[in-house]
Amino acid sequence: MDLLAKGIALAGCAIGAGLALIAGIGPGIGEGNAVAKALEAIGRQPECKSSVTSTMLLGCAVAETTGIYGFVTGLLLIFVAPGLFIDKIV
Amino acid sequence: MEISISGAKVYGYIGPDIPVLGRFPLSETLIVSWIVMLAITLFCIIITHNMKVEKISRRQALAEWLVEVANKFVVGNMGSKFSYMVPFVAALFSLSLFSNLVGLLGVRSPTADLNTEAGWAIVVFIMITAQKIKAGGFGGYLIGFTKPIPLLTPFNVLSELSTPISMACRHFGNILSGIVINGLIYAALAGASSALFGLIPGAVGNVLSSIPILDVGIPAILSFYFDWFTGVMQAYIFCMLTTMYIANAAEEG
């Protein structure tokens, strides 16, 4: 590959990584909703605080999955993809 | 400050050259996994050594407490007819937990390699499929994909295949992101420290700026979330999802 093609490919990797991390919006909104409902439940019944908290953390960790998908995609694009077509990265 | 974020190092290849698969790579993941397995086995042998019925020692009390917690978790989530699953789930949880936390000792966690989680997810997927076939027969298992509408069959197949993929990738992504962010924080603080202490003129500045002083203490605060909290949570969630999927598979037949 000549220099211009490599430059375009690297630029594509960088732009793609930025776009991949837009996936972080989803878990932010979803987990914020979950925490809001958990706080409402604690406010209504303060003695079930520990059970509500642990269930909420469990649900948040499962909802985090799609955000992690985007993050790992971004990481792969930044650190792994350039190594496949560039011989030496300074 | 230069950092390198890479996958697990391969130390060498052993064995004969199989046509499609090639030689067997001996990677960092494998060696640290062996160390973790050895550590867990030694731990279990030590706490169950010399057990008595009356006047138990503290080691035995710890062992009994661990067995109680495992029993309550599995039987509480799946019902008492799945009490044969307790050793499997307890082994999975302890392997995942110790593999995640061994990264604190300086070596690379074996769970930062997708192969580890993929192995566990494939085993769990086989168990889920076996439960479904046991509950409804092989014909019932295949027909289950066409419910409620035959048009939804490809989506049902896709969601079935995405179960092990999402379990593996969730665990892997959380642990890998911890490693990457920790590496970046260490490098950034080292750079900031060398820039800050480089402002002191003379030989004192030269010496102080080559020691990453700001790397002491501050990354530990972030490591509470990225290593401890994430490690324990992901192990717990992997086992919770295992128990829930298998219990669901057995009862919908």
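Let me start with pLDDT: that is the predictor's confidence in each residue, from 0 to 100. We need it here, as this is a predicted model.

Chain B first. Its average pLDDT is 88. Of its residues, 99% score at least 70. Where in chain B is confidence lowest, and where highest? Lowest is helix H6 of chain B, residues 202-209, with a mean of 77. Highest is H3(B), at 94. For the complex, the predictor reports an ipTM of 0.72 and a pTM of 0.85.

Now stay with H3(B), residues 86-101. Its partner here is helix H1 of chain B, residues 28-47. The two axes come within 10 Å and cross at roughly 120°. Angles of 65 to 115 degrees would count as roughly perpendicular, and those over 145 as roughly antiparallel. So H1(B) is oblique to H3(B). The crossing is right-handed.

Who makes the contact? From H1(B), Ser33(B), Val36(B), Ala39(B) and Ile40(B). From H3(B), Ser94(B), Leu95(B), Phe98(B) and Ser99(B). By class, that is 5 nonpolar residues, 3 polar and no charged.

Next, the two chains together. On chain A, 11 residues are in contact with 12 residues of chain B. Which helices of chain A supply at least two residues each to the side that touches chain B? Helix H3, 49-63, and helix H4, 65-85. H4(A) gives the largest share, 7 residues. And the classes on that side of chain A? There are 10 nonpolar residues, 1 polar and no charged.

How values were computed. Residues are numbered from 1 along each chain as its sequence is written. Chains are lettered from A and ligands numbered from 1 in the order in which they are written. This is a predicted model: local features need pLDDT of at least 70, side-chain atom pairs count only at pLDDT 80 or more; totals for chains, interfaces and linings use all residues. Axes are lines fitted to C-alpha atoms, for helices over the stretch in contact, and angles run from 0 to 180 degrees between N-to-C directions. Helices (H or I, at least four residues) and strands (E, at least two) are DSSP runs, numbered from the N terminus. Angles under 35 degrees count as roughly parallel, over 145 as roughly antiparallel, 65 to 115 as roughly perpendicular and the rest as oblique. A crossing is left-handed if the near helix is turned anticlockwise from the far one by less than a right angle, and right-handed if clockwise. Two residues are in contact if their C-beta atoms, placed from the backbone, lie within 7 Å. Ala, Val, Leu, Ile, Met, Phe, Trp, Tyr, Cys and Pro count as nonpolar, Asp, Glu, Lys and Arg as charged, and the others, Gly among them, as polar.
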